[in-house]
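Here is my note for your first read of this model. Please keep the structure open and follow the points in order.

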Amino acid sequence: CISQWGYDFRPSYLRIARLRELQPDVPVLALTASATPEVAEDIMRRLKFREPHVRRMSFERANLSYVVRRTEDKHGQLLRIVGSVPGPGIVYVRTREKAETITAFLNEHGIAAGFYHGGMNYLMRSVRQDEWIRGTTRVMVATNAFGMGIDKADVRFVVHYDACDSLEAYYQEAGRAGRDGRPAYAVTLLSDDDASKAGRRMELDFPSKQTIRRVYEALFNYLGIAVGDGRGASFTFNVFDFAARFRFFVPTALQSIKILQQNGYLILTDETDNPPRIRFIVQRDELYRIRVDRRELDHFITVLLRRYSGLFSDFVPIAEDELAHLTGYTAGRVRELLKKLWQLHIVKYIPGNRSPMLILSEERLPADDVRISPESYTLRKEAAEKRLGAMLRYLNGDECRSIAIRRYFGEQEPFPCGICDRCRERRKSGLGSRRNVLGQRILELVENRPTDVKTLVSSLGGDASTILDAVTSLLDNGEIIEREDGKLRINR
């Protein structure tokens with residue numbers, strides 16, 4: 001976030017360097033999981049390090065098998081992965097809508113899945129995260145809003161349903177698998193048109209400068225602010241309403257605003273939860289009379305009165321999901337009952353909403369005077385194209401996946417991992433009939449009794465790494481399955 005060339009650059013973070021001026025004798029440590037050498041140098045410069053100083057660990061994940069599967073049936077392939085790899089997992093998708101539809105698809109096929117994205121309120125996100133960590137939900141289908149600060153060591157697979165736009169983002173998200181040191185899988189599902197989709201997203205991320213100036217002018221017209229006015233003003237902002245009114249494609253409007261923010265003209269905050277609120281507008285005596293003839297409303301009102309105080313004197317924030325849990329109704333039914341109480345003139349009900357804030361850093365300028373710096377546009381576009389190119393080379397290349405990742409992050413002479421799909425393909429072609437004989441022997445051993453790898457190696461004798469390669473191949477081909485207790489069995 002600090003580096004101009006980072007994949008998620010945020011200009012406000014540059015002000016962190018002022019701490020060096022305020023407290024010049026205090027040591028500063030900058031930590032990141034995915035900085036290329038160029039980004040690391042930029043971070044040190046932005047944080048005003050007196051001299052370059054980098055301590056770098058290897059980007060190798062010895063237990064994590066990177067896999068790219070080409071398919072036009074991503075739903076079917078996802079089912080096969082979830083069915084053949086036991087244990088909890090994450091499926092990353094690009095949109096909120098896809099998170100919900102894929103979750104429904106998995107649930108329909110008997111897989112306990114939940115979705116997580118930035119459009120959910122804080123309570124619901126917290127509940128979903130807790131269910132997944134406890135194991136109530138096995139698979140979390142999520143946008144990139146999920147993952148920061150998640151501490152779950154036994155994640156066995158991370159599937160990217162949609163390809164990432166950078167190896168930085170991919171490495172961080174894939175790296176949430178296998179933190180307990182046991183074998184885990186990071187799988188990207190790739191269809192023939194994914195590369196062209198990525199190119200179109202790049203065009204959307206960098207609208208023309210003329211379009212950016214049009215968005216700037218439309219913003220101030222939308223807010224009703226004249227040239228020379230507006231500095232320091234703030235507004236709740238609905239980008240969908242704005243885009244519809246001025247006929248902008250929503251991603252184009254958002255990316256234009258982001259570039260305007262990087263140039264210091266405004267700040268668009270993240271969405272802020274505004275919870276639903278209610279207030280009773282009848283007296284207590286009248287309320288008790290109403291409750292006699294409406295059993296469902298009686299139960300609902302009783303829960304409201306027990307859970308919240310001050311309902312007769314002021315608007316009180318409520319949590320609809322919590323009310324659903326307390327009453328036994330669905331969240332949708334809770335909202336219906338609140339609206340029913342509103343229609344009966346029992347309460348006043350303000351539905352919840354999530355609104356970002358738009359803060360104007362400078363007064364409005366004539367559109368022709370809006371300057372878009374090369375650093376925020378041309379050079380960042382070149383950097384983004386470079387990152388996307390590296391991601392596509394990773395997905396389509398023939399070399400070891402781990403080598404591709406580690407070389408990108410600046411490691412010198414990385415060695416093959418031996419467990420990614422490319423390494424396994426090379427070993428398969430070299431093992432020939434010996435692998436077939438060994439694989440058949442493994443199948444015979446686990447046919448009658450589920451067996452762990454250690455016992456297999458002891459029973460078969462010979463080179464342990466060759467036996468492990470054969471086991472991995474049988475797992476990948478779906479001939480055997482690893483159970484929750486780590487033992488292998490035939491996939492029937």
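1. Start with Gln172, which sits in helix H6 (residues 167–174). Helices here are DSSP runs of H or I with at least four residues, strands are runs of E with at least two, and both are numbered from the N terminus. Gln172 is buried, at a relative accessible area of 19%. Buried means under 20% relative accessible area, exposed means over 50%, and partly exposed lies in between (1.4 Å probe, protein chains only).

2. What does Gln172 touch? Setting aside residues up to four places away in sequence, Gln172 touches Tyr7, Ala33, Ser34 and Met148. A contact means heavy atoms within 4.5 Å. With Ser34 there is also a side-chain polar contact of 2.7 Å. A polar contact is a pair of N or O atoms within 3.5 Å; within protein, one must be able to donate a hydrogen and the other to accept it, and residues adjacent in sequence count only if both atoms are side-chain atoms.

3. A word on the source. This is a predicted model: local features need pLDDT of at least 70, side-chain atom pairs count only at pLDDT 80 or more, and totals for chains, interfaces and linings use all residues. Residues are numbered from 1 along each chain as its sequence is written, and side-chain values use heavy atoms, leaving out hydrogens and water.

4. Stay with H6 and look at its partner, helix H15 (residues 378–396). Their axes come within 8 Å and cross at roughly 55 degrees. Axes are lines fitted to C-alpha atoms, for helices over the stretch in contact, and angles run from 0 to 180 degrees between N-to-C directions. H6 is therefore oblique to H15. Angles under 35 degrees count as roughly parallel, over 145 as roughly antiparallel, 65 to 115 as roughly perpendicular, and the rest as oblique. H6 brings Leu167, Glu168 and Tyr170 to the contact, and H15 brings Arg387, Ala390, Met391 and Tyr394. By class, that contact has 5 nonpolar, no polar and 2 charged residues. Ala, Val, Leu, Ile, Met, Phe, Trp, Tyr, Cys and Pro count as nonpolar; Asp, Glu, Lys and Arg count as charged; the others, Gly among them, count as polar.

5. The axes of helix H12 (residues 295–307) and helix H14 (residues 331–343) come within 11 Å and cross at roughly 95 degrees. H12 and H14 are therefore roughly perpendicular to each other. Glu296, Leu297, Phe300, Ile301 and Leu304 of H12 meet Arg333, Val334, Leu337, Leu338, Lys340 and Leu341 of H14. This contact has 8 nonpolar, no polar and 3 charged residues.

6. Next, the open sheet. Its 6 strands pair in parallel, in the order S1-S6-S5-S2-S4-S3. Two strands pair if DSSP finds at least two bridges between them. Which strands form the edges? They are S1 (64–70) and S3 (113–116), and each pairs on one side only. The twist averages 20 degrees from one strand to the next. S3 and strand S4 (residues 139–142) run parallel, joined by 4 bridges. Here Phe115 stands opposite Val141 in S4.

7. Strand S14 (residues 357–360) shows alternating side chains. S14 pairs antiparallel with strand S7 (residues 234–236) over 3 bridges. It also runs antiparallel to strand S8 (residues 266–268), again with 3 bridges. Ile359 in S14 stands opposite Ser234 and is the bridge partner of Ile267.

8. Strand S12 (residues 347–350) alternates too. Strand S10 (residues 277–280) pairs with S12 in the antiparallel sense, over 4 bridges. Arg279 stands opposite Lys348.

9. Finally, the whole protein. It has 19 helices and 16 strands. The C-alpha trace spans about 80 × 65 × 50 Å along its principal axes. Of the 492 residues, 46% are buried.
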